[in-house]
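Hi,

Here's the structure I said I'd pass along.

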Amino acid sequence: QGRPVTLEVVRVVRAAGLLLGLAALSGCATRPAADAAMPWTSGRLSVRVEATVDRSASNVSADFDLRGDSSRGELRLSSPLGAVMAATRWSATEVVLDTGQGPTRYADLESMSRDALGEALPLRAFPDWLAGRPWPGAPSAAQADGFEQLGWNVSLAAYGSGRLEAVRAAPPKVTVRVRLEKAAS
């Protein structure tokens, strides 16, 4: 007989769909020429959410292409072979995620990441963080090797080598590691 589907299984499937869908989109064609006002930033991204009492740890990694800022942009996640796993685009009024199974609309980027990964990520801040600076939309505090913003410690210690790390220590601990191929403009 069939077993009930747990929320954790649904989250894993959505996260895989998010990554697989973004990968499928990037693999369908070469990246469109970037608008000079919105250059692409590319690299490799991994997100690790530590285990809690009621859910196991999760780890997602993918290549990415990002352009835009906190108010509008697009993000594509792809597999190492170039297949797009998921693509999202956002504006001030909506966020649309396409995992290859049709678009899903969200009110904001944090809602989308919570639905896909089980934890809200400060995705509106990411374009600025990838450029090595705090997002102007929230207070920040300088630290010896980077800054703290939105409850995340963003380390720029290896930024000169194209690497950065953002860690949210509040349970569950979330670690985002990025290796940039092309620095953000």
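Quick one to start: is E181 buried or exposed? Bear in mind that this is a predicted model. E181 is exposed, because its relative accessible area is 57% and the cut-off for exposed is over 50%.

Some context for that residue: E181 sits in strand 11, which covers residues 174–182. Setting aside neighbours within four places in sequence, E181 has contacts with S42 and G43.

Now the chain as a whole. There are 3 helices and 11 strands, and from the N terminus the order reads α-β-β-β-β-β-β-α-α-β-β-β-β-β. The chain has 185 residues, and 43% of them count as buried. Its accessible surface is about 9600 Å², with 54% of that belonging to carbon and sulfur atoms. If you take contacts between residues at least 6 apart in sequence, 48% of them join residues at least 24 apart.

On confidence, mean pLDDT is 82, with 78% of residues at 70 or more. Residues 5–10 fall below 50, and that stretch has 3 contacts in the model beyond near neighbours in sequence. Residues 16–34 also stay under 50, though here the model has 74 contacts beyond four places in sequence.

Cheers

Technical notes. Residues numbered from 1 in each chain as written. Predicted model: local features only at pLDDT ≥ 70, side-chain atom pairs only at ≥ 80, totals over all residues. Heavy atoms only, no water. pLDDT = per-residue confidence, 0-100. Contact = heavy atoms within 4.5 Å. Helix = DSSP H or I, 4+ residues; strand = E, 2+ residues; numbered from the N terminus. Buried < 20%, exposed > 50% of the residue type's maximum accessible area, 1.4 Å probe, protein only. Areas by Shrake-Rupley, 256 points an atom, 1.4 Å probe, with all protein chains shown as cover.
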